[in-house]
Every structure is written in C-alpha cells, then in structure tokens.
Amino acid sequence: MARPNDEVDALLREYADLIAITGGDAFKQRAYEKAARAIRGHPRDIGGLDAAGLRDIPGVGASIADKVEEYLRTGRVQAFDATRAAVPPGVRRLMSIPSLGPKKAMTLYRERGITGVDELVEAINAGRLSGLSGFGPRTREKILRGVAVARETGGRMLLDAAHDLADEAAQGLVAAGCERATWAGALRRMRETVGSVDLVAAARDPGPVLEAFTALPFAARTVEVGRVRAAVATAGGQRVTVRVVAPDGWGAGLAHATGARAHVAALRERAARRGLRFAPDGLVDVDAGERVATATEEELYAALGLDWVPPTLRENRGEIDAAAEGALPALVTEDALRGDLHTHTDLTDGLAPLAAMVEAAAARGYAYLAVTDHAPRLRMQRMTEEKILAQREELRALERGMGGRGAGGMRLLHGTELNIDPDGGVDWPDAFLAGFDLCVASIHSHFGLDRAAQTRRLIRACENPHVQVIGHPTTRKIGLRGRIDADLDAVFAACARTGTALEINGHPNRLDLHDEHVMRARRHGVRFALDSDAHSTRELANVRWSAATAQRAWLPAAEVINTWPLARLRRFLGRDAERP
DNA sequence: GCCGTTTTCGGCCCGACTGTTTTCAGTCG
C-alpha cells in the first residue's frame, strides 16, 4: 500500500475488530473505527506528521495519535500485539461474511475451533454446526451464500487498491533505470476487480530490471524470475508481475499485455493474415524475418489496419471491427464531467464540512456540484427537515458569498439522497421534495425482497416526479453483497419513460451500475449520471472509476447528464422548464 | 478512546430486521 493513511486505516480497523471480537468496550471500538475513517479520508498524507499533528485530525486523540506515530516510526504498535495474539487472523476474516459479526465469529472459534472461512464451510457441510446456538439452518445457508459471493472475487483487488500498487511498482521500475514502465492487463482495461497487477517495462537489458523489481519494497516474496518476466507477491498475497520488452517493441508489448485474451487472439489472427506475428515482445514480419517497429500502440494498431483502441474497450466485444471501420465511439472521459451529482458532507456520514467539499469540487474545475446528504429514514443519520433546510441556507449563502456563483464560478445544487422503501415510497412528502434542486433515490434496506417487489419499488421510485437519479441501482458491494433481484429491463424502460437517470456510482466497492447493465440500459435510451458518492474530499476522485465503467460500456458523453452545461442539466432535472 | 465542557466525567448513531435462544441478541445501514 502506497499511502500511509491507508495503511493506518487498515491497522486501526483491525484493532477495532479485535476489540469487538474479544468483547471489549463497544465505544472504544467505535472510537478506533472513527479514527480509521478520519485518517483514510484525511486530505493530506499523514506520513510526515508527529503525534501533535495527528491529534489535529478530528477523531484522533492523544492515545491513538501516539500509537499511529509509533507505527509510522517503527512499523508496529506494541500495545496491539497482545490482543492480536489472542485471536487467530482467520477469525477476523470470518467477519467479512455477511451475517457474521464479532460475536458469532468468536462463538465459532470458541465452540468449534473454527479459524477460517474454508474451515467454516467444511464445518457447515459436515453438520458440525448443528446444535450451536445462533446457527440455525437459515443462518447456515446465509453464510454459505455469503461465502459464494466472496469467492466470486476470490482475493482479487479492487480498482483503487490495484491502482495504488501499480503506481508504486511503475515508479519503482523507472527509478531502477527502465526507459518507461506502466501497468497493463485487467487494471488498464479497468475491470472492476484485478487478480494480478501486470506491468510492462521497456529496457534493452532485462536482467537488472527484473532484479530491481524483485527487490522493490512491496515485494514480500519472489514467485518466479525468468529471462524477461518476473512475478512477486505482496505481504497481503497480491500478485504483481512485470514483462520487459525492447523499447522499439513497446507498443506491441503493452498491447499484448493489456488486451483480454480474446482481444489479443483476434489481433494475432489479424496479424497472421497480413504475414505478421504478434507476440508479447513485438511485431515480426514473418517472410522478411524482421521486427516491425512498434514504439507506440498506435503504430501496432496501424500496422494491423486498425484505429487505436482505448484500453477499456479491449474485451473483444466488437471493438476490432469498429476500429477497422473507423467507427469507434467517442467515449465519455473523466475530464468531460462538469460536475458531481452525489456527494455527502459531515451533516450525515461524510467527513468534510460543506465548505470543504465545495472548495475541493471547485479545485477539480467543476461548473456545478450537488450536495446530497442522507434523508431521515436512514435512522442512524438523524436527519431532520430543520437540519437539511439549514444546510440549504448555508449552501445558498456560500454561493452568494462567492459572488453569486460559488467558489471558482461553480454553481451549487441542493439535493438529498432519499431512501426507497419496500413499496417504492421515499422519505419526505412531495411539497418538501419540491424544494430540492435534485433528488437521488437509493435502496438502503430490504435487499432480500423478491423480484416482483424489487422491480415494483424501483419503478415506483422512477415514477416519482421529484426523483431524477436512481443511486447505485443494484446495491451490490463487490465481494460482500450480491445484486438485488429485479427485472432490470423493466426498470431501465421505466427510467427512459420517466426521464430518470441511472447512476454509475464510482465508489470502488460498488461500481454500480456495472458495464454490462449500462450497455443494456443504453438500449432503452436511458441517461446516466457519473457520480463519486464522495464521503470525503478525496473521494470526489472516485468519478475516475465511474468514467472507466462507462467507457467499458461504450458510453459517449452525450448520454451522461453531468457532462451537460448547467442550463441543460436543470431542464433535465425539471427545475427550470418542463422535463424532456 | 474521543470529545466537550455544566473543564474532568458522561455520553457517544438509532432502530429495523432476522432468526431463533419463543423474548431478544446480533447484525446492518
């Protein structure tokens, strides 16, 4: 992990879990969780901070500041060691299974000696859990379902973590003397999870590069070292590989390492028909027995009679024919976004105050920002009409104070994230909803309703004239929770009919809608919102992953409402004129 | 363990759902 904030976040969350498992003070546990979250979302790098500097972060007091300082200095915290020793690491991993919390994890350990997920599954299948209080047939089945969801991602990394690791590795390779180095594979295609981080490096002599690679700080273990390739594993078991190519074969090498297997196979076939051999280390004219220079990917694709294909499309889903015909789509990009339509502040569960979120959004060059804190039915957020109206006043005042146009000429929209109840109703009455510039409506409960009920509630939410965006429409959390069961085509049709946009939520563990559903929704004529769902200033950058997901679905900017100028967006929202 | 203060201890995010222990503990958003 590259960022010390993220390392400390993981450390403090681990300790919080251990407190819960060992039956420690629940408030102490919460204090550690809160500090972890605050440090993760802290806008600055904590690497250079001393204990006093750390204490300035809200939620970090003297005790945690000292422990974090000790960790940053020595790489460990002595006070944690005793608690750690009392709980096998696998017991904590049990808590990642839905329906298993600290109490049940500890019961499994104490009563049945279970110290890991595999053991738990084995115990259930062998009937060893019968008679154990709290683990009736329905719970046992829920556990097995949860394990199945987790295994779908089976140790794969989320995009943001994979990206941080890749960035560190690429920098390390360049520092080791490569002419250039970057990541390829599933990460460059921006698949939602990444099994291994695969890098390509350009150098004339691979030997020293591979040697330096296996010595990089994150490489806990060398898996293999060949003539031009090497693979290492991180302490967390994540695989990182590198292939070294000659600088004049960089384009071919990068393309070979980037495309999905089927895309690369199609390129290879196309090359063969032209008397060329497309290999991981370059492009070769077979008859002449000579290398064809491909210093860039553009040269490689051109040699095959193709336009350059954006990495996010390289899945063999029609992109090669389109590239041959000069018919590749103009994809939406992160830069095309003029604003963010789903963000939170510390009025509910965000970390940053309104003014800080506005400032950070302005620094991104946005023309507008919608602030959409949680509505009251998410009880723990304790939202009230008074509180959200006070926020509206603050937001309007902020905008007025900045010369009527917000920071940097940015306009502010006051919104909320409503909760879609089991019947499709939302938190506030129509008259109150009419006062918002924008309402995002999302499902936050009753994930287990049957298909008909889920479909009905989503369609009813679309039909609510005050709801303009459906947030994280399928509510999946990668590796944790599957999608709700709904007739998505019926929902997409309702969105198109009612002029309700679907969100592509950029939170790395959501990416919801995901690319294949975006493709399906497009066929119904739906419009999309690419949102960060930011709970801190840093998380505004999550739209990077929204844009990547949109690209994988071949989405052009014209179909994304937050690439539009404000006037057009407001017409779509039905706030300045009739809806389209 | 943090925070705010009625400055040194008391409160801290609330409540619905679920399965099952049939009266409520555990989990979750």
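Domain bounds come from an automatic or database domain assignment. The model is predicted: local features need pLDDT of at least 70, side-chain atom pairs count only at pLDDT 80 or more, and totals for chains, interfaces and linings use all residues. Residues are numbered from 1 along each chain as its sequence is written, and side-chain values use heavy atoms, without hydrogens and water.

**Exercise 1.** State which domains the assignment gives for chain A, and how far apart the centres of domain 3 and domain 4 are.

Solution. Step one: chain A holds domain 1 (4-153), domain 2 (155-245), domain 3 (258-328) and domain 4 (334-573). Step two: over C-alpha atoms, the centres of domain 3 and domain 4 are 39 Å apart. Step three: 7 residues from domain 3 and 7 residues from domain 4 make the contact (heavy atoms within 4.5 Å).

**Exercise 2.** Find how much area domain 3 and domain 4 bury, and which residues of domain 3 lose the most.

Solution. Buried area is the accessible area (1.4 Å probe) that two parts lose on being put together, summed over both. Step one: the two domains bury about 630 Å² between them, with 52% of it on carbon and sulfur atoms. Step two: on the domain 3 side, Thr312, Leu313 and Arg317 lose the most area to domain 4, together 80% of what that side buries.

**Exercise 3.** Count the salt bridges between domain 3 and domain 4.

Solution. Step one: apply the rule, a side-chain nitrogen of Lys or Arg within 4 Å of a carboxyl oxygen of Asp or Glu. Step two: the count is 2 salt bridges. Step three: for the pair Arg317 and Asp515, the salt bridge has an N to O distance of 3.4 Å.

Conventions: Chains are lettered from A and ligands numbered from 1 in the order in which they are written.
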